[in-house]
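Here is a friendly walk through a structure with your sequence view alongside. Please keep the 3D view open as you read.

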Amino acid sequence: MTVAVSFSGVTRHFGTVRAVDGVDLDIAEGEFFAMLGPSGSGKTTCLRLIAGFEQPTGGDIRLFGQSVRDVPPYRRAVNTVFQDYALFPHLNVLDNVAYGLMIAGKGKTERYRESEAALDLVALPGYGGRKPSELSGGQRQRVALARALVNKPRVLLLDEPLGALDLKLREQMQEELKSLQRQLCITFVFVTHDQGEALSMADRVAVFNQGRIVQVGSPEDIYYRPEVPFVADFVGSSNILPPILTGLSALAAIRPEALRLTDTGTPATVTAVNFLGAATRVALDANGSRMTALLPKGAVRPTVGASVKVSWDAADLHQMKGGA
Amino acid sequence: MRSEQAPLFLRVAAMGGLLFLHVPLLLIFVYAFTTEDKSFQWPPPGFTLKWFAAAWERPDIWEALSLSLRVATIATLIALVLGTLCAAAVSRSRFFGREVISLLVILPIALPGIITGISLRSAFNLADIPFSFWTIVLGHATFCVVVVYNNAVARFRRTSGSLVEASMDLGANSFQTFRHVILPNIATALLAGGMLAFALSFDEVIVTTFTAGQQATLPIWMLEELVRPRERPVTNVVAMVVVLVTFLPILGAYYLTRGTDTVAGSGK
């Protein structure tokens with residue numbers, strides 16, 4: 001396995017702020033990798049470090065084994081899809097896509113042919129003559145994608161690529177990005193604060209918090225086996241149960257859908273009931289421990305204020321590292 | 001927005017104001033054609049084109065016109081380079097004293113010209129610099145930089161910073177990024193700023209009187225003609241030329257910057 005991107009002990013300080021604080025990470029070639037975290041967690045700074053827009057304060061970044069310490073952005077084999085797309089307003093779509101090839105010195109015929117092909121790839125054939133201002137948000141996103149891909153980068157960086165799109169378009173683009181990545185076999189690194197997006201698209205996910213990576217793993221690992229309470233809470237709102245309820249030696253995470261209301265078990269009070277269509281979400285308070293249960297359709301729906309008993313299978317509990 | 005009829009007295013007052021501003025200009029134009037050359041007599045006893053010929057024959061006018069054009073051109077070029085660089089620094093990066101620099105750059109246009117003139121004159125004297133073509137150019141550049149800076153800084157602010165990063169990301173070095181991305185995005189602003197600077201320099205009197213040696217720019221020449229006139233209507237002919245030379249660039253600048261929302265604002 002070739003390592004495409006490698007961080008070793010990378011820090012990036014802005015004044016007294018430690019935006020990135022000791023990150024170690026290996027991203028394999030051909031991987032679809034997600035950097036997930038709340039805003040200000042350092043994920044975007046990490047992406048900008050790979051692109052070369054930021055320089056690390058400490059540590060080293062390697063692209064395919066080569067340190068990129070003094071390599072400016074324009075000499076890195078990576079391309080970026082910007083959050084605001086950053087299309088050149090004075091150029092039409094075709095010239096936007098052809099920009100990298102023009103800078104690389106390719107002839108007009110050749111670069112236009114390749115750019116047309118890239119526009120075909122992102123399902124925008126025949127849009128070359130338009131100005132970016134005449135396109136919708138989703139179309140601009142595709143142009144930005146084509147403009148990056150036409151340069152055949154070894155790593156494609158995507159900064160919140162779907163953030164500005166509406167829900168339906170976002171789901172469609174998720175599918176397309178995924179199949180593009182499979183088709184082109186390029187390493188994709190994308191930054192998002194949307195856990196659903198990260199889990200559904202990525203091969204592996206790194207969860208960021210306060211400038212550090214708190215967990216790296218497959219979407220299943222992140223979702224079912226959170227190692228720290230932050231991941232359990234941020235990724236899909238797992239319940240965090242104290243040792244006194246579980247009998248384990250540390251905090252344990254459990255998915256809301258693994259909780260059941262039964263005749264025996266831990267006593268709790270119902271504090272809220274929300275009907276979600278396919279399921280019912282019930283908020284519970286078990287002697288000070290708050291938890292959420294997701295009851296399947298057809299289950300008996302409790303009323304707010306009722307005293308109930310909660311139970312779970314010990315196999316669904318996932319013991320976390322460290323303390324609270 | 002729906003426009004409604006303004007009250008009568010407002011319309012009369014507005015009309016009166018406009019007439020007060022522009023009728024004197026028309027008088028200058030009319031007197032350029034009068035047959036009477038000693039005093040301003042109304043109505044002019046007759047009309048003639050001979051003053052245009054007379055102006056054409058006068059070498060002192062050509063000299064003054066040429067000096068004014070050269071000064072305005074070079075002052076504008078200096079302003080374009082310095083104003084753009086300064087605007088780029090102020091809007092693209094954050095550094096200690098940024099606001100102060102921004103204020104200091106704008107100050108010359110807020111200062112009375114006579115202050116700028118006197119201080120430049122004493123500075124040139126102290127430094128033992130003889131008054132010449134170049135001292136006039138420097139004097140004019142002080143306020144020309146401001147208009148270029150103001151135009152450029154406004155455009156820079158509306159140009160997304162990620163465009164520069166995108167260009168770098170796509171393989172362009174700093175020079176290529178300037179050439180292919182920054183320049184096309186600020187070109188109309190620079191043209192507009194340059195035209196305004198040119199017009200300002202072309203009709204400048206106050207700073208010029210302090211920084212010029214023996215040379216007379218066109219406005220200075222006109223001032224001298226008023227004091228000791230020779231063929232008075234020739235001055236009016238020259239005045240017409242000055243109005244045209246300064247008015248056309250300003251009109252051009254207005255049209256160039258008016259439509260820029262669609263040029264610069266289309267990134268989003």
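## How to read the numbers

This is a predicted model in which local features need pLDDT of at least 70 and side-chain atom pairs count only at pLDDT 80 or more, while totals for chains, interfaces and linings use all residues. Residues are numbered from 1 along each chain as its sequence is written, chains are lettered from A and ligands numbered from 1 in the order in which they are written, and side-chain values use heavy atoms, with hydrogens and water left out.

## Chain B on its own

Chain B has 12 helices and zero strands; helices (H or I, at least four residues) and strands (E, at least two) are DSSP runs, numbered from the N terminus. Its C-alpha atoms fill a box of roughly 70 × 65 × 30 Å along the principal axes.

Of the 268 residues in chain B, 39% are buried. Here buried means under 20% relative accessible area, exposed over 50%, and partly exposed in between, with a 1.4 Å probe and protein chains only. Among contacts in chain B with a separation of 6 or more, 73% come from residues 24 or more positions apart; a contact means heavy atoms within 4.5 Å.

## Where the two chains meet

At the interface, 22 residues of chain B are in contact with 23 residues of chain A. The area buried between the two chains is about 2,100 Å², and carbon and sulfur atoms give 59% of that area. Glu165(B), Asp169(B) and Leu170(B) supply 33% of the area that chain B buries against chain A, more than any other three residues. Buried area is the accessible area (1.4 Å probe) that two parts lose on being put together, summed over both.

Eight residue pairs, both at pLDDT 80 or more, are in polar contact across the interface. A polar contact is a pair of N or O atoms within 3.5 Å; within protein, one must be able to donate a hydrogen and the other to accept it, and residues adjacent in sequence count only if both atoms are side-chain atoms. On the side of chain B that touches chain A, α7 (162-169) and α8 (174-202) each supply at least two residues, and α7(B) gives the most, with seven residues. That side divides into eight nonpolar, 11 polar and three charged residues.

## A salt bridge and a buried asparagine

The count between chain B and chain A is one salt bridge, meaning a side-chain nitrogen of Lys or Arg within 4 Å of a carboxyl oxygen of Asp or Glu. Arg48(A) and Glu165(B) form this bridge, with their closest N and O atoms 2.7 Å apart.

Asn185(B) is found in helix α8 of chain B and, at 2% relative accessibility, counts as buried. Leaving aside neighbours within four places in sequence, Asn185(B) is in contact with residues of both chains: Pro89(A), His90(A), Arg155(B), Thr159(B) and Leu163(B).

## Strands in chain A

An open sheet of three strands in chain A has the order β11-β12-β18, with antiparallel pairing. Its edge strands, β11 (239-241) and β18 (318-319), each pair on one side only. Two strands pair if DSSP finds at least two bridges between them. Two bridges join β12 (residues 252-254) to β18(A), and Ala253(A) stands opposite His318(A).

Elsewhere, strand β14 (residues 266-275) of chain A runs antiparallel to β17 (residues 307-311), joined by four bridges, with Ala268(A) opposite Val308(A). Six bridges join β14(A) to β15 (residues 279-286), also antiparallel, and there Thr269(A) stands opposite Asp285(A). β14(A) and β15(A) form a hairpin with three residues between them, and Gly277(A) in the turn has a positive phi of about 100 degrees.

## Salt bridges within chain A

The structure holds 19 salt bridges over all chains. One of them joins Arg204(A) to Glu31(A) at 2.4 Å, N to O. This pair links distant parts of the chain, 173 residues apart: Arg204(A) is in strand β9 (residues 204-209), and Glu31(A) in the loop between β2 (17-28) and β3 (32-36). Arg204(A) is partly exposed, at 25%, whereas Glu31(A) is buried, at 9%.

Arg260(A) and Asp313(A) form another salt bridge, with the closest N and O atoms 3.5 Å apart. Arg260(A) lies in strand β13 (residues 260-262) and Asp313(A) in the loop between β17 and β18 of chain A, so the pair ties together parts that are 53 residues apart in sequence.

Terms used: Ala, Val, Leu, Ile, Met, Phe, Trp, Tyr, Cys and Pro count as nonpolar, Asp, Glu, Lys and Arg as charged, and the others, Gly among them, as polar.
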